[in-house]
Amino acid sequence: SAAVAVAALFGHIFTVFLRFKGGKGVASALGAFFALLPLPALIALAVFVVVFLPTGYVALGSVCASFSLPLAAFFAGYPPEVVIFAFAAALLIIYKHRANIKRLKNGTENRFKIFKRRS
């Protein structure tokens, strides 16, 4: 149910193990949304892959996937309350990535190791 998805999302974003800081919850949100919104979650995963593979930026793929989820849910015809929940989760995930977004803008965000340029 949606309540379990909310609990999983908040539990991973505001984890007690990191003193309620540091978590971003993308993977757990994806798992929860695969149960609630299978097609939109699959579309969001595809968006992640399409953005991540050429760039090597996990954060950029995560933000784009989060943004795409409520849009996919809307266009797939899910009820408004489900789309609003997906939108709220996306906003929270994007908010938690604000430092990554700043580093992306500044060109200082780390790439996934296999994508680092060799000297």
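1. Let's start with Ser68, which you'll find in helix H4, residues 58-75. (Helices are DSSP runs of H or I with at least four residues, strands are runs of E with at least two, and both are numbered from the N terminus.) Ser68 counts as buried because its relative accessibility is 10%; buried means under 20% relative accessible area, exposed over 50%, and partly exposed in between, with a 1.4 Å probe and protein chains only. Setting aside neighbours within four places in sequence, Ser68 touches Ala44 and Val47, where contact means heavy atoms within 4.5 Å.

2. A word on what you're looking at. This is a predicted model, where local features need pLDDT of at least 70 and side-chain atom pairs count only at pLDDT 80 or more, while totals for chains, interfaces and linings use all residues. Residues are numbered from 1 along each chain as its sequence is written, and side-chain values use heavy atoms, with hydrogens and water left out.

3. Now the aromatic rings. Rings of Phe, Tyr and Trp (its six-membered ring) pair if their centres lie within 6.5 Å; planes under 30 degrees apart count as stacked, over 60 as edge-to-face and the rest as tilted. That rule gives four aromatic pairs here. One of them is Phe33 with Phe85: the ring centres are 5.3 Å apart and the planes are at 40°, so this pair is tilted. Phe33 belongs to helix H2 (residues 26-36) and Phe85 to helix H5 (residues 80-96), so the pair ties together parts 52 residues apart in sequence. Phe33 and Phe85 are both buried.

4. Then look at Phe48 and Phe52. Their ring centres are 5.5 Å apart with planes at 10°, so they make a stacked pair. These two sit four residues apart in helix H3, which means about one helical turn separates Phe48 from Phe52. Both are buried, and together with Phe112 they form one aromatic cluster.

5. One more ring deserves a glance: the charged end of Arg98 sits over the ring of Tyr95, 4.0 Å from the ring's centre. (A charge sits over a ring if NZ of Lys or CZ of Arg is within 6 Å of the ring centre and within 35 degrees of the ring normal.)

6. Finally, helix H3 again. Which helix gives the largest share of the nonpolar patch? Helix H3 (residues 38-55) does, with six residues. Leu42 lies in helix H3 and is partly exposed, with a relative accessible area of 47%.
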